[in-house]
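Colleague: I'd like to learn how to read a model like this one, feature by feature. Can we just go through it together?
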Amino acid sequence: MTVTNLILRIRDLLNEDTAGFWTDAELTRYMNDAERDIAIKALCLQQIDSLTTVNATQTVSSLAYKTMFLEYLQSTTKGIGMENILSSQWGHTPGLGVEPQIWFERGTLLYIEPIPNAIYNLKTYTADYPTSEVSTGGNSPEIPEAFVPLIILYVVSVCLMKDRRYVAGQQVYAMYMNELLYNRSNLIEIVPDVKAATNYHEFNKVT
Amino acid sequence: MSYPDLSDLRQRVRDLLNESGTTFYSNACLNRFINDGQRDVAIKALCYESAQSLTTATNTRTIAVTCIKTFGVEYVPASGTRLGLGLITPRMVGHMRLTGITPQYWFPWAGNICIEPIPQTAYNLVVYTAILPTVDLSSDTDKPVLPNEFIPWIVQFAFIRGLIRDKKYASAAMIYKVYIDAMKIARDNMMKKYADARTDFEIPDAIEGVGK
């Protein structure tokens, strides 16, 4: 869905089919704020990045705003999920060997334990901000397609604030938040299979 | 007009809005609401399903898949029985007990499915997904692609949008709650998959009559 499509839909809901009280430039600003807000709240703008450790350096820089998981790539065919810990647990994990095994995130740095004694390859599974803003009519937001319609509700709620319809703005914002949380739990969160999900019981066989 | 084509859906939206004229709500505007409704129902109910055949690449964990959600992945060997893969999280890779080197587990990330162990060659997979409608309804005789049991919710969605346009925000919020609650029931009834448990095949040990 492009900026033009989104503006058309926002104006449908505002009942302002041509720009007047709300300009297109203003709606586009709100749209970019909406995309960032959705990316932050839903953690839906996922990426997989490749990083490498530096010999004798505990930290690795990550530009993503939230690292969700870290994988140590032991070889081209084997990766190992690293354990995320609290900084207070640092140093209380004996017997780690020499390869990267545990980590935590602080600011833009990922702290690796044990301190890397060589260059190791890592993969980060991250949630990030949009890299650029939408501006012209043909641009499309970067967030996944299923989250794009939320932009409409966010922008309408902000527009209603400008029109001093605060209660109405709050009602539309509540819809937006409900949608966002529903989508996040429906589409983003990973709930691993339990053991029973991959077991088949012998008793089911037809005799 | 034959249910459930676009003109019929639009008529139902107009009925609910009590607006037969096309001045305040043009047909083009209602068509947009209806098309957005179809997408919204597909997103919330995950009811537009598709099975996609994909192939892994050598030494690459990820395979791009176009969908809004992946439900399951099957490994299709050159011969023999297909194998359903277990869903894990990224932190679990390298910690699972593996049998051989063929695909055994998966997780979704960033528009990909990621396979464990990392494939060492090309393997064929079938991926079960929920997708979005790709084409908007435009002609009056066009019909939604969603299963029939989900089509009434498209009308509800368009009705809510119409109320917002009419500045009836509280009414829209009230109908929206009805829409969401009903959608959850429809989704649970129609779309959720369950495996039978052992107890489903058991006869109760004793059935006691009332009053004994």
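Colleague: Where is B:Arg39 placed, and is B:Arg39 buried or exposed?

Modeller: B:Arg39 sits in helix H2 of chain B; helices here are DSSP runs of H or I with at least four residues, strands are E runs of at least two, and both are numbered from the N terminus. Buried means under 20% relative accessible area, exposed over 50%, and partly exposed in between, with a 1.4 Å probe and protein chains only. B:Arg39 comes out at 14%, so B:Arg39 counts as buried.

Before we go on, the ground rules: this is a predicted model, where local features need pLDDT of at least 70 and side-chain atom pairs count only at pLDDT 80 or more, while totals for chains, interfaces and linings use all residues. Residues are numbered from 1 along each chain as its sequence is written, chains are lettered from A and ligands numbered from 1 in the order in which they are written, and side-chain values use heavy atoms, with hydrogens and water left out.

Colleague: Which residues does B:Arg39 touch?

Modeller: Contact means heavy atoms within 4.5 Å. Not counting residues up to four places away in sequence, B:Arg39 touches A:Met1, A:Arg9, B:Leu132, B:Pro133 and B:Asp136. There's also a polar contact between the side chains of B:Arg39 and B:Asp36, at 2.8 Å. A polar contact is a pair of N or O atoms within 3.5 Å; within protein, one must be able to donate a hydrogen and the other to accept it, and residues adjacent in sequence count only if both atoms are side-chain atoms.

Colleague: OK, now the interface. How many residues of chain B are in contact with chain A, and what area do the two chains bury?

Modeller: The size of an interface is often given as the accessible area lost when the parts come together. The convention here is the accessible area (1.4 Å probe) that two parts lose on being put together, summed over both. Chains B and A bury about 4600 Å² between them, 59% of it on carbon and sulfur atoms. B:Trp109, B:Arg165 and B:Tyr169 supply 17% of the area that chain B buries against chain A, more than any other three residues. As for the head count, 52 residues of chain B are in contact with 50 residues of chain A.

Colleague: How many salt bridges does the rule find across the interface?

Modeller: Five. The rule wants a side-chain nitrogen of Lys or Arg within 4 Å of a carboxyl oxygen of Asp or Glu. B:Arg165 and A:Asp17 meet that way, with 3.2 Å from N to O. On the side of chain B that touches chain A, H4(B) gives the most, with nine residues.

Colleague: What about aromatic pairs: how many are there over all chains?

Modeller: A pair of aromatic rings is described by the distance of the centres and the angle of the planes. Rings of Phe, Tyr and Trp (its six-membered ring) pair if their centres lie within 6.5 Å; planes under 30 degrees apart count as stacked, over 60 as edge-to-face and the rest as tilted. A search of the whole structure finds 14. Take A:Phe69 and B:Trp109: their centres are 5.6 Å apart and their planes at 80°, so the pair is edge-to-face. A:Phe69 lies in strand S3 (residues 66-75) of chain A and B:Trp109 in strand S6 of chain B, so this pair joins two chains.

Colleague: What is the phi of A:Ala56?

Modeller: Near 65°, a positive value in a residue other than glycine. A:Ala56 is exposed, at 60% relative accessible area. B:Leu46 also has a positive phi, about 50°, without being a glycine, but B:Leu46 counts as buried at 2%.
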